[in-house]
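Here are my notes for your read-through. Please keep the structure open and check each point as you go.

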Amino acid sequence: MIEVLIVPGTGSPRGDAITTTFANALDQERFAPSIVTYPATYGGIEAPYAESRALGRAALMRAIWRASNPVIIAGYSQGAGIAGSLAAEIGAGEHPDLEVYACALIADPLRPVGAGMPHRPPAPGYGIAGERPIYGLPTWWAAAPGDPITALPAGNPLRSIADLSEWWALGDPMAAARWGQDLVDKCKQQTFQRWWSSSNWATWGGAMAFARGYLWDGRHGRAYIDEGHVRDLAEIVMKEFGDAR
């Protein structure tokens with residue numbers, strides 16, 4: 001039996017349609033899926049994205065430590081960012097106390113260019129927050145074309161949303177001040193994504209189309225179920241680790 005620890009997306013701390021579909025697609029006789037709960041917030045009057053992500057990472061690490069069987073970690077959207085970043089650290093040997101077999105990511109905001117699944121063409125572009133490759137640990141990415149969170153062109157101005165909102169919070173004066181300090185620090189360190197660079201001129205357009213895909217066309221939501229991305233990801237996990245008991 002393999003435990004599959006799944007971190008859900010923003011706004012769904014205890015699971016969502018995407019993570020539930022992925023969990024249900026696994027053979028329950030060989031895999032034991034469970035949801036890793038965490039705040040799953042994205043700022044405003046709630047905890048900022050960066051804080052939610054840190055709490056999700058801590059919750060996922062605790063779940064791995066407590067597991068009594070081999071572990072695969074997975075996640076959707078914000079949860080994919082959490083699971084993928086921890087997988088990158090594990091693959092690099094930073095957590096020898098965490099035993100993880102593989103990683104399965106859906107709509108990862110840090111998906112690298114060309115990352116995907118076997119037998120399915122990878123979606124164009126890369127994550128809205130940048131690229132985070134994962135080495136040393138088997139990892140698969142489900143990415144729907146047109147989803148701005150995981151398949152955004154290099155020159156799309158929506159990248160500024162990820163850069164500007166990491167610590168976005170207005171719940172109290174201290175939270176607002178922390179957000180402002182983060183923006184100042186990023187300016188000083190020159191870590192903003194340079195989507196406006198002339199090298200990206202061919203992909204400058206299309207911001208409205210990608211925004212529409214996120215807000216109304218379901219490219220970040222139901223497309224993953226309707227187009228079989230989630231099912232295919234579960235099939236890969238079962239094929240690779242189907243003999244585990």
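1. Start with the aromatic pairs: the structure holds 3. Rings of Phe, Tyr and Trp (its six-membered ring) pair if their centres lie within 6.5 Å; planes under 30 degrees apart count as stacked, over 60 as edge-to-face and the rest as tilted. This is a predicted model, where local features need pLDDT of at least 70, side-chain atom pairs count only at pLDDT 80 or more, and totals for chains, interfaces and linings use all residues. Residues are numbered from 1 along each chain as its sequence is written, and side-chain values use heavy atoms, with hydrogens and water left out.

2. Tyr 76 and Tyr 224 make an edge-to-face pair, 6.5 Å centre to centre with 70° between the planes. Tyr 76 sits in strand E3 (residues 71-76) and Tyr 224 in helix H7 (residues 223-226), so the pair ties together parts 148 residues apart in sequence. Helices (H or I, at least four residues) and strands (E, at least two) are DSSP runs, numbered from the N terminus. Tyr 76 is buried, at 9% relative accessible area. Tyr 224 is buried too, at 0%. Buried means under 20% relative accessible area, exposed over 50%, partly exposed in between (1.4 Å probe, protein chains only).

3. Now look at Trp 140 and Phe 241. Their ring centres are 6.4 Å apart and their planes are at 70°, so this pair is edge-to-face. Trp 140 belongs to strand E5 (residues 139-142) and Phe 241 to helix H8 (residues 229-241), so the pair ties together parts 101 residues apart in sequence. Both residues, Trp 140 and Phe 241, are buried. With Tyr 101, they form one aromatic cluster.

4. Check the backbone next. Most residues other than glycine have a negative phi. Ala 40 has a positive phi, near 55°. Ala 40 lies in the loop between strand E2 (31-35) and helix H2 (49-66). Its relative accessibility is 2%, so Ala 40 counts as buried.

5. Ser 77 also has a positive phi, about 60°, although it is not a glycine. Ser 77 is in the loop between E3 and helix H3 (78-91). Ser 77 is buried, with a relative accessible area of 9%.

6. Which residues of helix H1 (residues 17-25) are buried? Ile 18, Thr 19, Phe 22 and Ala 23 are. They cover an arc of only 130° around the axis, which puts them on the same side of H1. The arc is that of the directions from the helix axis to the C-beta atoms. On the other side of H1, Ala 17 and Asn 24 are exposed.
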